[in-house]
Amino acid sequence: MRFFLGVLAYLVPTFALGFVWHLLLFENYYAALAIYRSDIIIPFGFLSMLIQAIVFAWIYEKAFAQRNGAFLSRALAYGAFGVVLSWSFTTLAVAAKNRMTSVPDYLMIETAFTVVQWLMVGPLTAIAFSRPSDADDPIRAPKAAG
C-alpha cells in the first residue's frame, strides 16, 4: 500500500501541475517557444509520468525510506535528488535536442516547473512512505500461527 501511495504521490501532482502549467498558465509562453506539437498526445504524457512514478517510488523505498532523520530531512533529500535527476532528463536533454525559439527561456520555465513539482512530490512521497507497513502495524500485521 505504501508503494502504491508513493506512486500516487508522484503521479497525481505531476500530472495536475503539468497540465495546468503547460496547457493553461503558461500556454502562451510555450507557444512562443514553438516547442510543442499542436496536437499534444496526453495519454503518452500520462504513461511517461506513470513509468516515472513507479521508478521514483522504488528509489524512495530503497534509498530514502529507511534513512535516519526526521521526515523533513528525508523529504528534502528526496526532493533535491528528484529535482536534479528530473531536470537532467526533462529539461537539459530536451533543450539539447529539440528545436525551440529560445533555449534560455525554455531552461528557465522548465527549471521553475521542476522545482515546483518536487516541492510537492518530495513531501507527499515522504508522507506516503511514513505510514506504517503491515509488518510494522500490530493491527494489520498477519497473526502468527500458534
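Predicted model: local features only at pLDDT ≥ 70, side-chain atom pairs only at ≥ 80, totals over all residues.
## How H3 crosses H4

Helix H3 passes helix H4 in a right-handed crossing, meaning that the near helix is turned clockwise from the far one by less than a right angle. Residues are numbered from 1 along each chain as its sequence is written, and side-chain values use heavy atoms, leaving out hydrogens and water.

H3 covers residues 42–64 and H4 residues 71–97; they pack at an angle of about 140°, with axes 11 Å apart.

On the H3 side, Gln 52, Phe 56, Ala 57, Ile 59, Tyr 60 and Phe 64 take part, and their partners in H4 include Tyr 78, Phe 81, Leu 85 and Phe 89 (contact means heavy atoms within 4.5 Å). The residues of this contact divide into ten nonpolar, three polar and one charged.

## Two nonpolar cores

The largest nonpolar core has 19 residues, of which Tyr 10, Phe 56, Tyr 60, Tyr 78, Trp 118 and Phe 129 touch the most other members. Core members are buried nonpolar residues joined through side-chain atoms within 4.5 Å, with buried meaning under 20% relative accessible area (1.4 Å probe, protein chains only). H3 gives the largest share of this core, seven residues.

Tyr 30, Tyr 106, Ile 109 and Phe 113 are among the eleven residues of a second, separate core.

Definitions and conventions. Axes fitted to C-alpha atoms, helices over the stretch in contact; angles between N-to-C directions. Helix = DSSP H or I, 4+ residues; strand = E, 2+ residues; numbered from the N terminus. Nonpolar A, V, L, I, M, F, W, Y, C, P; charged D, E, K, R; others polar. Buried < 20%, exposed > 50% of the residue type's maximum accessible area, 1.4 Å probe, protein only.
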